[in-house]
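This report walks through one protein model, from its sheet to its charged pairs. Keep the structure in view while reading.

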Amino acid sequence: MKQYDLMILGPATRDVNIDYTGAVDRSCGGAVTFCTPAAVAAGAKVLAAVKISPDDRDILDTFHMDPADVALLPSHKTTIMRNEYFTPDRERRNSRCDAQSDPITPAELPEASCRLYHLAGLLYGDFPNELIEHLHERGMVSADAQGFLRHNENGKMVFHDWKDKLTYLPYMNFLKTDAAEAEILTGYTDRVSAARQLYDWGAREVLISHNTEMLAYDGKRLCTCPVKARNLSGRTGRGDTTFGAYLAMRVTGADMVEALGYATACVSLKMETPGVFRGTRADVEAYRRLFY
């Protein structure tokens, strides 16, 4: 059985992105699509398990990985997302879902040994509870809260609190949210208070992304690192890139402070260019020396 540091699993998407000027960009997206290259660049051995329709197999080519390290989990449909951005910084947007992939079940997981399994979800329903329980038995588990808060209601994206959070947060070795998601989960607008509450509910290590900084908390230490991107043309995928790099650093031995510093530099560099991160670890380290 092949050995990996990290399995990143979730739906990839066909995206239609419309910026504030009305310019339209069609691309492949999804948390798994943005997490994976950042994790690979950081040095982790990664298996990407991608939920798409077999008719959209060309999406796998965008990963630029050894085909043996990319698994297609078949779905009746590939998720289709439409994002309309209203401001240059892309902080305000309207998202629609025109199609949603099937849930990922334990039976379809690739046969591989992994230290950490990351639930890179987009929408509620991507990951049934039995999958969380199964992965918890296999190894460490991490998750993006988005996949449990964002609901597809007839195409409209609506956020609701995760009704099973008190049951499943203790299963999470690592949890990522953005500031808005952290408020939905905890009721706190203050990110530090939200991180502490999520930890108290059972998540062992919490990362909260924000447009100004990244924050990590493990119950003992709280650290932050500023975002220093010189432009925001590559804003899409900010949180996923950060967490992919962060998880790769943590699972390969970096401590929390070092992992957060690397991951924030990685996403700052990535946001200066549209698309997924295509740099190397050396590129990130050079960026850190220059700006941090």
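In β12, K176 is the bridge partner of D144. Strand β9 (residues 140-144) pairs with strand β12 (residues 174-178) in the parallel sense, over three bridges. Two strands count as paired if DSSP finds at least two bridges between them. Helices (H or I, at least four residues) and strands (E, at least two) are DSSP runs, numbered from the N terminus.

The model is predicted: local features need pLDDT of at least 70 and side-chain atom pairs count only at pLDDT 80 or more, while totals for chains, interfaces and linings use all residues. Residues are numbered from 1 along each chain as its sequence is written, and side-chain values use heavy atoms, with hydrogens and water left out.

**The sheet and its helices**

Nine strands form an open sheet with mixed pairing, in the order β5-β4-β1-β8-β9-β12-β13-β14-β15. At the edges stand β5 (70-74) and β15 (222-226); each has a single partner strand, so one side of each is left without a neighbour in the sheet. The twist averages 20° from one strand to the next.

Helix α1 (residues 31-41) lies across β1 (3-11), β4 (46-52) and β8 (113-119), running at about 160° to β1. Helix α8 (residues 256-270) packs on the sheet and touches β13 (206-209), β14 (213-217) and β15. The direction of α8 makes about 20° with that of β15. Axes are lines fitted to C-alpha atoms, for helices over the stretch in contact, and angles run from 0 to 180 degrees between N-to-C directions.

**A buried threonine**

T177 sits in strand β12. T177 is buried, at 0% relative accessibility. Buried means under 20% relative accessible area, exposed over 50%, and partly exposed in between (1.4 Å probe, protein chains only). Leaving aside residues up to four places away in sequence, T177 touches A145, A182, L185, L198, L207, I208 and S209. Contact means heavy atoms within 4.5 Å.

**Salt bridges**

The count comes to 15 salt bridges, each a side-chain nitrogen of Lys or Arg within 4 Å of a carboxyl oxygen of Asp or Glu. Among them are these:

| Pair | Closest N and O atoms |
|---|---|
| D69 and K2 | 3.1 Å |
| R281 and E285 | 3.7 Å |

D69 lies in the loop between β4 and β5 and K2 in the segment before β1, so the pair ties together parts 67 residues apart in sequence. D69 is buried at 7%; K2 is partly exposed at 37%.

R281 and E285 are four residues apart in helix α9 (residues 281-291), about one helical turn. R288 is buried, with a relative accessible area of 18%. Salt bridges that share partners join E258, R281, E285 and R288 into one network.
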